[in-house]
Amino acid sequence: MLEQKMVFEELRKQGVTFFTGVPDSYLNGFCNYALHHFPERNIIAANEGNAVSIAAGHYLASREIPLVYMQNSGMGNAVNPLVSLADEHVYSIPMLLMIGWRGQPGNGDWPQHELQGEITPGLLELMHIPYTILEDDNEKIRDVIQKAAEHCKTKRRPYAFIAPKGVMAGEKTNNKDTVYPMSREEAMETILDQMPENTIYSTTTGRATRELFFLRERRKEEKNHDFLNVGSMGHASSVALGIALECPNRNVVVFDGDAAAMMHMGAMTMAGKLCVPNLLHVVLNNGAHESVGGQPSAGHVIDFTKIAEGCGYETVHRPVTNKEELVRAIQLLKGRGKAAFLDVRLHKGLDRKLPPLNFPHREAIDALTEELNRAKEPQERIAGNTST
(Lines give C-alpha, C1' and ligand atoms only; values in the text may rest on other atoms or scores of the structure.)
Protein backbone atom coordinates (compact mmCIF):
# COMPACT_ATOMS: atom_id res chain seq x y z
CA MET A 1 0.00 0.00 0.00
CA LEU A 2 1.09 3.57 -0.59
CA GLU A 3 2.42 5.60 2.33
CA GLN A 4 -0.44 7.99 3.03
CA LYS A 5 1.67 10.58 4.80
CA MET A 6 3.80 10.96 1.69
CA VAL A 7 0.70 11.11 -0.56
CA PHE A 8 -0.78 13.92 1.48
CA GLU A 9 2.52 15.79 1.69
CA GLU A 10 2.76 15.78 -2.09
CA LEU A 11 -0.85 16.91 -2.42
CA ARG A 12 -0.09 19.77 -0.02
CA LYS A 13 2.92 20.78 -2.12
CA GLN A 14 0.57 21.06 -5.07
CA GLY A 15 -1.85 23.21 -3.09
CA VAL A 16 -4.43 20.47 -2.51
CA THR A 17 -5.57 20.68 1.12
CA PHE A 18 -9.36 20.36 0.86
CA PHE A 19 -11.02 16.94 0.67
CA THR A 20 -14.62 15.84 0.31
CA GLY A 21 -16.37 12.65 -0.68
CA VAL A 22 -18.00 9.41 0.39
CA PRO A 23 -15.75 6.85 2.15
CA ASP A 24 -14.81 3.61 0.41
CA SER A 25 -13.16 0.46 1.76
CA TYR A 26 -10.58 0.52 -1.06
CA LEU A 27 -9.67 4.06 0.02
CA ASN A 28 -9.70 3.29 3.73
CA GLY A 29 -6.13 4.45 4.35
CA PHE A 30 -6.65 7.65 2.40
CA CYS A 31 -10.03 8.43 4.02
CA ASN A 32 -8.78 7.77 7.55
CA TYR A 33 -5.68 9.91 7.04
CA ALA A 34 -7.84 12.79 5.82
CA LEU A 35 -10.24 12.29 8.72
CA HIS A 36 -7.54 12.34 11.41
CA HIS A 37 -5.12 14.90 9.96
CA PHE A 38 -7.45 17.33 8.20
CA PRO A 39 -10.60 17.31 10.39
CA GLU A 40 -11.64 20.81 9.33
CA ARG A 41 -10.66 20.36 5.67
CA ASN A 42 -12.33 16.99 5.11
CA ILE A 43 -16.08 16.99 4.41
CA ILE A 44 -17.80 13.59 4.34
CA ALA A 45 -20.61 14.32 1.91
CA ALA A 46 -24.15 12.93 1.63
CA ASN A 47 -23.40 11.54 -1.82
CA GLU A 48 -20.77 11.81 -4.53
CA GLY A 49 -22.59 14.48 -6.55
CA ASN A 50 -22.89 16.51 -3.38
CA ALA A 51 -19.12 16.15 -2.93
CA VAL A 52 -18.34 17.29 -6.48
CA SER A 53 -20.52 20.36 -5.96
CA ILE A 54 -18.94 21.17 -2.57
CA ALA A 55 -15.55 20.89 -4.27
CA ALA A 56 -16.74 23.25 -7.00
CA GLY A 57 -17.79 25.80 -4.41
CA HIS A 58 -14.43 25.48 -2.69
CA TYR A 59 -12.58 26.18 -5.93
CA LEU A 60 -14.76 29.18 -6.76
CA ALA A 61 -14.11 30.70 -3.34
CA SER A 62 -10.40 29.89 -3.08
CA ARG A 63 -9.01 29.06 -6.54
CA GLU A 64 -7.44 26.05 -4.84
CA ILE A 65 -7.77 22.57 -6.34
CA PRO A 66 -9.95 20.26 -4.21
CA LEU A 67 -9.92 16.46 -4.12
CA VAL A 68 -13.10 14.37 -4.26
CA TYR A 69 -12.96 10.72 -3.14
CA MET A 70 -15.49 7.97 -3.85
CA GLN A 71 -16.02 4.32 -4.66
CA ASN A 72 -16.56 3.80 -8.39
CA SER A 73 -20.14 2.74 -7.63
CA GLY A 74 -20.74 6.39 -6.73
CA MET A 75 -19.65 7.70 -10.12
CA GLY A 76 -23.28 7.63 -11.24
CA ASN A 77 -24.15 10.19 -8.58
CA ALA A 78 -21.22 12.35 -9.69
CA VAL A 79 -21.83 12.32 -13.45
CA ASN A 80 -24.32 15.18 -13.56
CA PRO A 81 -22.24 17.84 -11.75
CA LEU A 82 -19.07 16.63 -13.47
CA VAL A 83 -20.51 17.07 -16.96
CA SER A 84 -22.91 19.99 -16.42
CA LEU A 85 -21.03 22.03 -13.80
CA ALA A 86 -17.32 21.23 -13.82
CA ASP A 87 -16.93 20.53 -17.54
CA GLU A 88 -14.65 22.85 -19.52
CA HIS A 89 -17.56 23.97 -21.72
CA VAL A 90 -19.61 25.07 -18.71
CA TYR A 91 -17.65 26.51 -15.73
CA SER A 92 -14.38 24.65 -16.23
CA ILE A 93 -13.76 23.74 -12.60
CA PRO A 94 -10.64 21.71 -11.83
CA MET A 95 -10.56 19.02 -9.18
CA LEU A 96 -8.82 15.75 -8.47
CA LEU A 97 -10.93 12.60 -8.23
CA MET A 98 -9.77 9.63 -6.13
CA ILE A 99 -11.84 6.60 -7.16
CA GLY A 100 -11.73 3.17 -5.53
CA TRP A 101 -11.84 0.51 -8.27
CA ARG A 102 -14.25 -2.16 -7.09
CA GLY A 103 -14.84 -4.89 -9.65
CA GLN A 104 -11.57 -4.36 -11.49
CA PRO A 105 -11.61 -6.88 -14.38
CA GLY A 106 -9.53 -9.96 -13.65
CA ASN A 107 -9.40 -9.38 -9.89
CA GLY A 108 -12.71 -10.92 -8.88
CA ASP A 109 -15.42 -9.20 -6.85
CA TRP A 110 -19.07 -9.52 -5.91
CA PRO A 111 -21.64 -9.39 -8.76
CA GLN A 112 -22.87 -5.90 -7.87
CA HIS A 113 -19.38 -4.53 -8.59
CA GLU A 114 -18.54 -6.36 -11.81
CA LEU A 115 -20.19 -4.12 -14.41
CA GLN A 116 -19.19 -0.91 -12.61
CA GLY A 117 -15.61 -2.14 -12.47
CA GLU A 118 -15.63 -2.94 -16.16
CA ILE A 119 -16.93 0.48 -17.23
CA THR A 120 -15.00 2.68 -14.78
CA PRO A 121 -12.17 3.76 -17.13
CA GLY A 122 -14.55 4.08 -20.07
CA LEU A 123 -16.95 6.25 -18.09
CA LEU A 124 -14.16 8.69 -17.34
CA GLU A 125 -13.19 8.67 -21.01
CA LEU A 126 -16.80 9.44 -22.03
CA MET A 127 -16.70 12.45 -19.69
CA HIS A 128 -13.34 13.52 -21.21
CA ILE A 129 -11.65 13.19 -17.81
CA PRO A 130 -8.04 11.94 -18.06
CA TYR A 131 -6.93 9.46 -15.43
CA THR A 132 -4.07 7.44 -14.03
CA ILE A 133 -4.42 3.94 -12.59
CA LEU A 134 -2.40 4.09 -9.39
CA GLU A 135 0.32 1.58 -8.61
CA ASP A 136 1.66 0.49 -5.27
CA ASP A 137 4.87 2.45 -5.86
CA ASN A 138 5.87 5.23 -3.47
CA GLU A 139 8.45 6.55 -5.93
CA LYS A 140 6.04 6.99 -8.84
CA ILE A 141 3.20 8.55 -6.87
CA ARG A 142 4.94 11.92 -6.56
CA ASP A 143 5.22 12.29 -10.33
CA VAL A 144 1.64 11.11 -10.79
CA ILE A 145 0.29 13.72 -8.37
CA GLN A 146 2.42 16.47 -9.90
CA LYS A 147 1.21 15.60 -13.39
CA ALA A 148 -2.43 15.55 -12.30
CA ALA A 149 -2.20 18.82 -10.39
CA GLU A 150 -0.46 20.51 -13.34
CA HIS A 151 -3.28 19.37 -15.62
CA CYS A 152 -5.85 20.84 -13.25
CA LYS A 153 -3.99 24.14 -13.01
CA THR A 154 -3.30 24.64 -16.70
CA LYS A 155 -6.41 23.09 -18.26
CA ARG A 156 -8.93 23.92 -15.50
CA ARG A 157 -10.40 20.46 -15.82
CA PRO A 158 -10.86 17.45 -13.52
CA TYR A 159 -8.29 14.66 -13.38
CA ALA A 160 -8.89 11.23 -11.87
CA PHE A 161 -6.86 8.65 -9.96
CA ILE A 162 -8.20 5.10 -10.12
CA ALA A 163 -7.13 3.12 -7.05
CA PRO A 164 -7.10 -0.70 -7.35
CA LYS A 165 -7.51 -2.87 -4.28
CA GLY A 166 -4.73 -2.46 -1.72
CA VAL A 167 -3.10 0.67 -3.13
CA MET A 168 -4.92 3.11 -0.83
CA ALA A 169 -5.70 0.62 1.92
CA GLY A 170 -5.11 1.19 5.60
CA GLU A 171 -4.99 -0.64 8.89
CA LYS A 172 -8.32 -1.99 10.07
CA THR A 173 -9.54 -0.56 13.34
CA ASN A 174 -11.99 -1.70 15.98
CA ASN A 175 -15.00 0.47 15.32
CA LYS A 176 -17.22 -0.81 18.13
CA ASP A 177 -18.57 1.78 20.55
CA THR A 178 -21.05 1.84 23.42
CA VAL A 179 -22.86 5.13 22.81
CA TYR A 180 -26.19 3.27 22.50
CA PRO A 181 -26.97 -0.17 23.97
CA MET A 182 -28.54 -1.83 20.92
CA SER A 183 -26.66 -3.41 18.04
CA ARG A 184 -27.97 -3.41 14.50
CA GLU A 185 -28.64 -7.14 14.60
CA GLU A 186 -30.57 -6.88 17.88
CA ALA A 187 -32.73 -4.09 16.48
CA MET A 188 -33.45 -6.05 13.30
CA GLU A 189 -34.37 -9.20 15.21
CA THR A 190 -36.65 -7.23 17.52
CA ILE A 191 -38.53 -5.88 14.52
CA LEU A 192 -38.72 -9.35 12.95
CA ASP A 193 -40.31 -10.56 16.19
CA GLN A 194 -42.86 -7.74 16.25
CA MET A 195 -44.04 -7.85 12.64
CA PRO A 196 -46.29 -10.46 10.98
CA GLU A 197 -44.50 -13.52 9.69
CA ASN A 198 -44.99 -12.73 5.99
CA THR A 199 -43.78 -9.13 6.19
CA ILE A 200 -41.56 -8.09 3.28
CA TYR A 201 -38.16 -6.55 4.10
CA SER A 202 -35.98 -4.28 1.97
CA THR A 203 -32.50 -4.03 3.43
CA THR A 204 -29.86 -1.42 2.71
CA THR A 205 -26.45 -2.21 1.23
CA GLY A 206 -23.63 -3.14 3.58
CA ARG A 207 -23.68 -5.06 6.81
CA ALA A 208 -27.46 -4.89 7.26
CA THR A 209 -27.96 -7.20 4.27
CA ARG A 210 -25.49 -9.71 5.70
CA GLU A 211 -27.06 -9.60 9.14
CA LEU A 212 -30.60 -10.14 7.83
CA PHE A 213 -29.43 -13.02 5.63
CA PHE A 214 -27.71 -14.81 8.49
CA LEU A 215 -30.47 -13.95 10.96
CA ARG A 216 -32.84 -15.85 8.67
CA GLU A 217 -30.46 -18.81 8.71
CA ARG A 218 -30.10 -18.78 12.50
CA ARG A 219 -33.87 -18.47 12.95
CA LYS A 220 -34.46 -21.20 10.31
CA GLU A 221 -36.71 -18.85 8.31
CA GLU A 222 -37.34 -18.61 4.59
CA LYS A 223 -35.47 -15.87 2.74
CA ASN A 224 -38.10 -15.30 0.04
CA HIS A 225 -39.53 -12.30 1.93
CA ASP A 226 -36.33 -10.25 1.68
CA PHE A 227 -34.93 -7.83 -0.87
CA LEU A 228 -31.20 -7.60 -0.14
CA ASN A 229 -30.01 -4.36 -1.67
CA VAL A 230 -26.39 -5.44 -2.14
CA GLY A 231 -25.63 -2.42 -4.35
CA SER A 232 -27.31 0.87 -5.29
CA MET A 233 -26.71 2.53 -1.91
CA GLY A 234 -29.56 4.79 -0.83
CA HIS A 235 -32.29 3.13 -2.87
CA ALA A 236 -33.63 0.41 -0.54
CA SER A 237 -36.51 2.63 0.61
CA SER A 238 -37.55 3.38 -2.97
CA VAL A 239 -37.63 -0.33 -3.83
CA ALA A 240 -39.74 -0.88 -0.71
CA LEU A 241 -42.10 1.92 -1.72
CA GLY A 242 -42.68 0.30 -5.11
CA ILE A 243 -43.45 -3.01 -3.42
CA ALA A 244 -45.74 -1.43 -0.81
CA LEU A 245 -47.78 0.36 -3.47
CA GLU A 246 -48.32 -2.86 -5.42
CA CYS A 247 -48.93 -5.09 -2.37
CA PRO A 248 -51.21 -3.08 -0.06
CA ASN A 249 -52.12 -6.18 1.97
CA ARG A 250 -48.52 -6.88 2.95
CA ASN A 251 -46.46 -5.09 5.55
CA VAL A 252 -43.24 -3.75 4.03
CA VAL A 253 -40.31 -2.79 6.27
CA VAL A 254 -37.20 -0.90 5.15
CA PHE A 255 -34.02 -1.60 7.07
CA ASP A 256 -32.19 1.55 5.98
CA GLY A 257 -28.84 2.94 7.07
CA ASP A 258 -28.22 6.48 8.25
CA ALA A 259 -25.64 7.22 5.55
CA ALA A 260 -27.78 5.46 2.94
CA ALA A 261 -30.89 7.44 3.90
CA MET A 262 -28.97 10.70 3.64
CA MET A 263 -27.48 9.74 0.29
CA HIS A 264 -30.89 10.02 -1.38
CA MET A 265 -32.97 11.73 1.26
CA GLY A 266 -35.34 13.09 -1.37
CA ALA A 267 -36.90 9.62 -1.51
CA MET A 268 -38.44 10.28 1.91
CA THR A 269 -40.72 12.95 0.44
CA MET A 270 -42.78 10.25 -1.27
CA ALA A 271 -44.28 9.10 2.04
CA GLY A 272 -46.58 12.10 2.35
CA LYS A 273 -47.45 12.19 -1.34
CA LEU A 274 -48.54 8.55 -1.69
CA CYS A 275 -50.84 6.29 0.31
CA VAL A 276 -48.65 3.53 1.76
CA PRO A 277 -49.94 2.81 5.27
CA ASN A 278 -48.31 -0.63 5.04
CA LEU A 279 -44.79 0.85 4.90
CA LEU A 280 -42.49 1.11 7.92
CA HIS A 281 -39.20 2.92 7.24
CA VAL A 282 -36.56 2.12 9.85
CA VAL A 283 -33.20 3.91 9.85
CA LEU A 284 -30.64 1.74 11.64
CA ASN A 285 -28.60 4.70 12.79
CA ASN A 286 -25.07 4.07 14.11
CA GLY A 287 -23.72 7.43 12.96
CA ALA A 288 -21.09 5.86 10.72
CA HIS A 289 -20.12 4.57 7.29
CA GLU A 290 -19.37 1.33 9.08
CA SER A 291 -19.16 -1.08 6.14
CA VAL A 292 -16.34 0.85 4.50
CA GLY A 293 -14.21 1.78 7.50
CA GLY A 294 -16.28 3.41 10.22
CA GLN A 295 -15.84 7.06 9.22
CA PRO A 296 -18.53 9.23 10.85
CA SER A 297 -21.77 10.16 9.14
CA ALA A 298 -24.14 12.90 10.26
CA GLY A 299 -26.57 10.26 11.51
CA HIS A 300 -26.24 11.08 15.20
CA VAL A 301 -26.18 14.82 14.52
CA ILE A 302 -29.31 15.40 12.45
CA ASP A 303 -32.92 14.85 13.53
CA PHE A 304 -34.25 12.17 11.18
CA THR A 305 -37.56 12.10 13.03
CA LYS A 306 -38.37 15.76 12.36
CA ILE A 307 -37.34 15.34 8.74
CA ALA A 308 -39.63 12.32 8.45
CA GLU A 309 -42.52 14.19 10.05
CA GLY A 310 -42.00 17.01 7.57
CA CYS A 311 -42.14 14.48 4.75
CA GLY A 312 -45.50 13.10 5.94
CA TYR A 313 -44.52 10.00 7.94
CA GLU A 314 -46.13 9.03 11.22
CA THR A 315 -43.47 8.89 13.95
CA VAL A 316 -43.09 8.56 17.71
CA HIS A 317 -41.54 12.05 17.72
CA ARG A 318 -38.06 11.01 18.86
CA PRO A 319 -35.39 8.37 18.22
CA VAL A 320 -35.62 5.04 20.02
CA THR A 321 -32.51 3.92 21.86
CA ASN A 322 -33.20 0.50 23.39
CA LYS A 323 -35.18 -2.67 22.80
CA GLU A 324 -38.09 -1.74 25.08
CA GLU A 325 -38.57 1.62 23.35
CA LEU A 326 -38.42 -0.08 19.96
CA VAL A 327 -41.13 -2.62 20.82
CA ARG A 328 -43.35 0.13 22.24
CA ALA A 329 -42.80 2.36 19.19
CA ILE A 330 -43.84 -0.36 16.73
CA GLN A 331 -47.04 -0.95 18.68
CA LEU A 332 -47.79 2.79 18.82
CA LEU A 333 -47.40 3.16 15.06
CA LYS A 334 -49.95 0.47 14.25
CA GLY A 335 -53.28 1.79 13.04
CA ARG A 336 -52.07 5.28 12.15
CA GLY A 337 -53.16 4.90 8.51
CA LYS A 338 -49.97 6.39 7.06
CA ALA A 339 -46.42 5.36 6.31
CA ALA A 340 -44.43 5.16 9.54
CA PHE A 341 -40.84 6.02 10.39
CA LEU A 342 -38.40 5.12 13.17
CA ASP A 343 -34.90 6.44 13.87
CA VAL A 344 -33.27 3.60 15.82
CA ARG A 345 -30.03 4.71 17.49
CA LEU A 346 -27.38 1.99 17.63
CA HIS A 347 -23.76 1.43 18.52
CA LYS A 348 -21.25 0.45 15.86
CA GLY A 349 -19.87 -3.03 15.44
CA LEU A 350 -21.10 -6.55 14.72
CA ASP A 351 -22.59 -8.82 17.36
CA ARG A 352 -20.83 -11.80 15.82
CA LYS A 353 -18.40 -12.58 13.06
CA LEU A 354 -20.25 -13.18 9.81
CA PRO A 355 -18.98 -14.83 6.64
CA PRO A 356 -19.14 -12.98 3.32
CA LEU A 357 -22.61 -12.71 1.77
CA ASN A 358 -22.46 -15.18 -1.10
CA PHE A 359 -25.81 -16.20 -2.57
CA PRO A 360 -27.38 -16.71 -6.03
CA HIS A 361 -28.84 -13.27 -6.77
CA ARG A 362 -31.19 -14.29 -9.59
CA GLU A 363 -32.61 -17.20 -7.62
CA ALA A 364 -33.18 -15.00 -4.59
CA ILE A 365 -34.93 -12.24 -6.51
CA ASP A 366 -37.02 -14.74 -8.48
CA ALA A 367 -38.16 -16.32 -5.20
CA LEU A 368 -39.13 -12.89 -3.83
CA THR A 369 -40.96 -12.01 -7.04
CA GLU A 370 -42.91 -15.27 -6.91
CA GLU A 371 -43.81 -14.59 -3.28
CA LEU A 372 -45.02 -11.07 -4.09
CA ASN A 373 -47.08 -12.16 -7.08
CA ARG A 374 -48.84 -15.21 -5.68
CA ALA A 375 -52.38 -14.92 -4.35
CA LYS A 376 -52.23 -13.36 -0.88
CA GLU A 377 -54.70 -13.42 1.99
CA PRO A 378 -55.37 -10.08 3.73
CA GLN A 379 -53.34 -9.88 6.89
CA GLU A 380 -52.58 -7.63 9.81
CA ARG A 381 -51.01 -4.41 8.59
CA ILE A 382 -49.31 -1.58 10.35
CA ALA A 383 -52.34 0.44 9.18
CA GLY A 384 -54.36 -1.44 11.77
CA ASN A 385 -56.28 -4.08 9.82
CA THR A 386 -56.43 -7.32 11.81
CA SER A 387 -56.37 -10.79 10.31
CA THR A 388 -58.86 -13.32 11.65
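Among contacts in the chain between residues at least 6 apart in sequence, what percentage join residues at least 24 apart?

1. **Contacts along the chain.** The share is 78%, taken over contacts between residues at least 6 apart in sequence. Contact here means heavy atoms within 4.5 Å.

2. **Basis of the model.** This is a predicted model, in which local features need pLDDT of at least 70 and side-chain atom pairs count only at pLDDT 80 or more, while totals for chains, interfaces and linings use all residues. Residues are numbered from 1 along each chain as its sequence is written, and side-chain values use heavy atoms, with hydrogens and water left out.

3. **Overall dimensions.** For 388 residues, a compact globule would have a radius of gyration near 21 Å, and the 22 Å of the chain agrees with this. The radius of gyration is taken over C-alpha atoms, and the globule rule is 2.2 Å times the number of residues to the power 0.38. Taken along the principal axes, the box filled by the C-alpha atoms is roughly 70 × 40 × 40 Å.

4. **Secondary structure.** The chain comprises 14 helices and 13 strands. Helices (H or I, at least four residues) and strands (E, at least two) are DSSP runs, numbered from the N terminus.

5. **Surface and burial.** The accessible surface of the chain is about 17,200 Å², and carbon and sulfur atoms account for 50% of that area. Areas come from the Shrake-Rupley method with a 1.4 Å probe; for residues, only the protein chains shown count as cover. Of the 388 residues, 55% count as buried. Buried means under 20% relative accessible area and exposed over 50%, with partly exposed in between (1.4 Å probe, protein chains only).

6. **Charge.** There are 41 positive and 48 negative side chains, and the centres of the two sets lie 3 Å apart. Lys and Arg count as positive and Asp and Glu as negative, whereas His and the chain ends are not counted. Each charge is placed at NZ of Lys, CZ of Arg, CG of Asp or CD of Glu.

7. **Helix H7.** Helix H7 spans residues 184-194 and is mostly covered, with 8 of its 11 residues buried.

8. Glu 185 counts as buried because its relative accessibility is 4%. Setting aside residues up to four places away in sequence, Glu 185 touches Glu 211, Leu 215, Arg 218, Asp 351 and Arg 352. Leu 192 is also in helix H7 and is buried, with a relative accessible area of 8%. With the same exclusion of residues up to four places away, Leu 192 touches Tyr 201, Leu 212, Leu 215, Arg 216 and Arg 219.

9. **Cysteines.** A disulfide is a covalent bond between the sulfur atoms of two cysteines. Under the criterion of a pair of cysteine sulfur atoms within 2.5 Å, the count comes to 0 disulfides. Cys 247 is in no disulfide, and the nearest cysteine sulfur, that of Cys 275, is 14 Å away. Cys 247 is buried, at 6% relative accessible area. Cys 311 is buried, with a relative accessible area of 16%.

10. **Positive phi values.** Arg 63, a residue other than glycine, has a positive phi near 60°. Arg 63 lies in the loop between helix H3 (48-62) and strand E3 (67-71) and is exposed at 75% relative accessibility. His 317 likewise is not a glycine, yet has a positive phi of about 75°. The place of His 317 is the loop between helix H12 (304-311) and H13, where His 317 is exposed with a relative accessible area of 63%.

11. **Phe 359.** Phe 359 is found in the loop between E13 and helix H14 (361-373). Is Phe 359 buried or exposed? Phe 359 is buried, with a relative accessible area of 11%. Beyond its neighbours within four places in sequence, Phe 359 is in contact with Phe 213, Leu 228, Val 230 and Ala 364.
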